[in-house]
Amino acid sequence: MPVNECSLKARDDEKWMKINNCYVSMSVTRRIQRTIVRGNEGDDILDEGAESVVYCIEGQMPISEYRQILIMFRKGGILFKDPFEERIATAIISKIKFDGNTRNFSIEIIEDVDIKW
């Protein structure tokens with residue numbers, strides 16, 4: 001899957017919605033806990049081992065496509081085809097912006113990591 005396209009769908013939908021000619025970026029953050037103790041030798045960093053992926057999709061789209069994504073946003077959880085790791089991620093749309101004049105959009109998607117203890 002090229003990194004200039006992405007696909008997403010609501011969990012209960014059958015069809016994937018494909019967004020073409022967009023720019024996809026991702027950020028992976030590791031959760032850590034850091035304790036700084038004054039007067040001692042330094043600090044303690046505890047690696048909690050959880051990763052959180054945030055995807056940002058930007059580009060232009062017609063208002064009809066924006067309305068479909070807005071419906072997904074309001075439904076809650078989605079499935080997202082990660083173009084970098086070529087896998088399907090369970091996620092939520094955390095933020096969506098659309099400029100009706102320029103048709104520019106920005107969508108922030110956060111992966112919902114299901115950790116098995």
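This is a predicted model: local features need pLDDT of at least 70, side-chain atom pairs count only at pLDDT 80 or more; totals for chains, interfaces and linings use all residues.
Started with K9, which sits in strand β1, residues 6-10.

Is K9 buried or exposed? I find K9 buried, and without a salt bridge. I looked for the nearest side chain of opposite charge and got D13, 7.6 Å away. The backbone of D13 does turn up, though: its oxygen lies 3.0 Å from a polar atom of the K9 side chain.

Next I listed what K9 is in contact with, skipping neighbours within four places in sequence. I got E14, K15, W16, M72, I78 and L79.

Then the largest nonpolar core. It has 24 residues, and I19, I57, I93, I107 and I109 touch the most other members. Which elements each supply at least two residues of this core? I noted β1, β2 (17-19), β3 (22-36), β4 (43-60), α1 (63-75), β5 (77-82), β6 and β7. As background, nonpolar side chains tend to be buried together in soluble globular proteins.

Leaving out residues up to four places away in sequence, I19 touches N4, E5, C6, L8, M61, I69, F105 and I107.

Last entry, the β6 and β7 pair. Strand β6 (residues 87-98) runs antiparallel to strand β7 (residues 104-111), and seven bridges join them. I checked A91 and found its bridge partner in β7 to be E111. The hairpin has five residues between the strands, and R103 takes a positive phi near 65 degrees there.

Definitions and conventions:
Residues are numbered from 1 along each chain as its sequence is written. Side-chain values use heavy atoms; hydrogens and water are left out. Two strands pair if DSSP finds at least two bridges between them. Helices (H or I, at least four residues) and strands (E, at least two) are DSSP runs, numbered from the N terminus. Buried means under 20% relative accessible area, exposed over 50%, partly exposed in between (1.4 Å probe, protein chains only). Lys and Arg count as positive and Asp and Glu as negative; His and the chain ends are not counted. A salt bridge is a side-chain nitrogen of Lys or Arg within 4 Å of a carboxyl oxygen of Asp or Glu. A polar contact is a pair of N or O atoms within 3.5 Å; within protein, one must be able to donate a hydrogen and the other to accept it, and residues adjacent in sequence count only if both atoms are side-chain atoms. Contact means heavy atoms within 4.5 Å. A nonpolar core is a set of buried Ala, Val, Leu, Ile, Met, Phe, Trp, Tyr and Cys residues joined through side-chain atoms within 4.5 Å.
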